[in-house]
Amino acid sequence: MVIRALAAIAVAVSIAAVTVWASVGVRPAEAIPAFARQYDMQCNACHTRPPRLNRFGEQFHMMGFQIPSAARPQGIVGSIKEDGPLKTLIDSLALRIVGGLFEYSESPRETEVKFEPPHEVELFIAGPITPDLSLYVELEYEPKAVKFSRDRGYFETEHEFGLGKEAFFMLSMGRLLGAIGAPTMEMGGQTMVGRHGGFTMHGPMLMAGKIDPNTNFSYATNRQMLEATELEVEKEPGEQHGEVHRLPVVPYAFASKFFGLFKNRNEGEPQLVTDQVMYNTTGAPGADFHAMINDVVLAQVGFLRENKGFNAYGALRYDLLDRGELTFNVSALLNWGFGVVRSPDPEEHERPGGTRLDRLRYGIAANLKWKALDVYGAFIVDRLYGLPGELRSDFDVSAAGLTLEVDYLIHEQVMLSGRVDQLWAGGLKDQKMDATVVSFQAKYYPWQNIAFFVRDSVNLRKFHEDNPLRSWKNQLFVGIDWDF
Amino acid sequence: MRTKPFACLTIAVGVLLLGLWIAQPPATRANGEKDDEKGGHAHVPAPFEYADAHMPLSLWTDQATIARGKEIYAVRCAVCHGDTGDGKGPAGVALPLKPSDFRDKAGVAEMRDNYWIWRVSEGGQVEPFKGKGSAMPPWKGELSVQDRWAVMAYQHTFSGHQGPHVPWEHPESVIVGRDIYAMACVACHGVEGRGDGSVGPTLSPRRAPQPRDFTTGEFKFRSTPSGQLPTTADLFRTVTEGVRSSGGAMTIGLRGHRIMPSFRHMPEEQRLEVIEYVKSLNRAFWERQEIKTVNVPAPPPVTAERLARGKQLYADAGCLACHGERGRGDGPSAPTLKDSRELPIAATDLTKPDRFKNGARPEDIYRTLVTGLAGTPMPSYADSLEPDQAWDLAYYTLSLSNNRRRTAETMR
């Protein structure tokens, strides 16, 4: 059985790789990542391995996608003058293809092997407009997006094109604060608050638009080595609409964690227990202010829309250690979600009720990097407020999640990753179920911007056919992550 | 209902920021206030011709030197700077740019020695001091370097500081550079400049190149002879151009392959500030007696004969042992090459000049041949090649490029 599965994987990988290669028609001269091209840099200068950022990459992001202390004078105007409009345009664009080529999933009653097309094609438009203002826009095409149809009231699979995970501008506010009296320093074309040798602040930077305020946290949820798996919806024979068959494997620490909640009332869209909320969302309208203070403390505050409510949050990262190839930082997060979810109807739990709930989220995270080792984890607790009295005996208002990941660069071109996700779920007591998943991945980078990966996730809890969180035992994916 | 305040707040913040941004309120200049506080004596970086002029450490406290400086000071400086160094000499009172007060401990501490010798040598004849109306005479024509150092040693005594006037005694003199370093360099080069930042081990794991350790004397890209420290201009060139990678997995389609970014957009003054900080991490920059740079003569014309001679030299000098017969970095010795840290190192693929770490212009290749690349198996051919032969070899190296058109333009 195992040999057959491995043989099938090998054949599938070969065919799929050749097919993708041939169909996309890659030519080296045309495949160039935007930032790498803008700055004539190798991917690995900013990424431990794409897509995860290293410390320089974090700094690059924090400075508004510019080489720290070396913002181009006049921004895009300077670029057009120096490089011409066409090159400036091309240098601002990048494409990412990510997803599976092949999937093998196993449960006690069903084993499935199938080819899986890449599930995301993303076009990025990114770059500085002025030394103080940058733009980042992600357009996304999903050939098999699973979406909740608000018109029809159920999940369905359809292709989708639109604004992707994030689309925002980032503004360095040093100049503005200087105008109202703050001491400032000119650092490589950007205006920073502070005084040389005294208090310094890189930024503050304002990130506004459709954002996910995660990059500067110790456990940065974006750019994970282990991608989230896909939500699966199935239609029973004779049924008009699909049911959620399998929930994705995501960093549970940042998942919504509660069973039985709804995003809204009229459409009745459920808030799935694995939906990423606040952090690691698919982006939501909001504004985020962050600043690095005295090169050791990263402060972040902001507000972010979620469903029909909104979040106010603050995060603090303290870089405790930076010595001899060893760095260590810890982060704390505090978030209050005002009316961000809707409770179930007290009488009929399958329908949304009339009450919107507030959510308190708090937690800690840490990241240690030592030589080729990168360890990071987060423990996040959620608690709901405002639950109707009739539901109190049926509903658990507390939940927690733990995610711990280890990446190890075993060879220049091979990154091994392992992650444990633990969910202590809350929500309706007759539905809620904890979950523990361990995932392993080997990612091979023949080039710095193209990777093939084999990833296996194992459900360590008891199989439970009726619960999509645990309706599987093992999932194996072979996929591609391709940036150009 | 709850979304309305959110939307209103977003719009209000957006409009406010847009308005402020369009208005472009002026920002204060780096050290701008300091310049005013010090009567126009902000300590800008010394130009290249003075940047490496570091005063020998022993002279700052050498009593004979100080005595000699006192004599010169009394005759030439006291009239403006005052007998006690307070900047209130009789001739200085009416000057538009007031003479420096050497008793100002903080002001003197911020002043680097190469700035000091530059000021003494050039006086008020150079910018930015000329524009401020400085009346300071240039002393380089009248005083020897030893005498100028002697004056500086005596002026230094007014500040009350005991010991040599160097950055590790006065960290405030390189504080601007330190802040830039913390922001832009520390991720790779580490807090103490030992090349042990967290990025290096994943950039090219367990092989060369690794980020430079500034505390050792090993610098690859120099215009100085083998075994010597680079000049400030060499460091400036590296910071400006960045460093390209010549080995390991590449990024498909990327044209330049820099592993160290180009900081060419950083203002020149700040690039010099960060270089002064980097130099302060290595005392050898203050201990070297004399700086020699290799002479790169004007490139001669390229001829078929020159290329033929270069091809012969390529074989005779043993280049093909590492770089291979066709220059692809696949010579018989290539798999065994190691750098001074015993890390495997790739022989440069000479067919791809856009990946040459030390530059791909003919004069860059000439310089590389003559200086070698410290810490790598690439030796200096200064003793074994005549200048004309070095040009032959440089041109032949470029002729191995797989981009003939661009190479022809480069050699033209």
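Predicted model: local features only at pLDDT ≥ 70, side-chain atom pairs only at ≥ 80, totals over all residues.
Residues are numbered from 1 along each chain as its sequence is written, and chains are lettered from A and ligands numbered from 1 in the order written. Local features need pLDDT of at least 70, side-chain atom pairs count only at pLDDT 80 or more, and totals for chains, interfaces and linings use all residues.

Q: What average pLDDT does chain B have?
A: pLDDT is the predictor's confidence in each residue, from 0 to 100. In chain B, 85% of the residues score at least 70. The chain B average is 87.

Q: How far apart do the C-alpha centres of domain 1 and domain 2 of chain B lie?
A: Domain bounds come from an automatic or database domain assignment. Domain 1 of chain B spans 34-158, and domain 2 spans 171-248 + 255-287. Their C-alpha centres lie 30 Å apart.

Q: How many residues of domain 1 of chain B are in contact with domain 2 of chain B?
A: Contact means C-beta atoms, placed from the backbone, within 7 Å. Domain 2 of chain B contributes 12 residues. Domain 1 of chain B contributes 11.

Q: At roughly what angle do the axes of α4 and α8 of chain B cross?
A: Helices are DSSP runs (H or I, at least four residues), numbered from the N terminus. Axes are lines fitted to C-alpha atoms over the stretch in contact, with angles from 0 to 180 degrees between N-to-C directions. The axes of α4 (residues 63-76) and α8 (residues 145-158) of chain B come within 7 Å. They cross at roughly 90°.

Conventions
Contact = placed C-beta atoms within 7 Å. Helix = DSSP H or I, 4+ residues; strand = E, 2+ residues; numbered from the N terminus.
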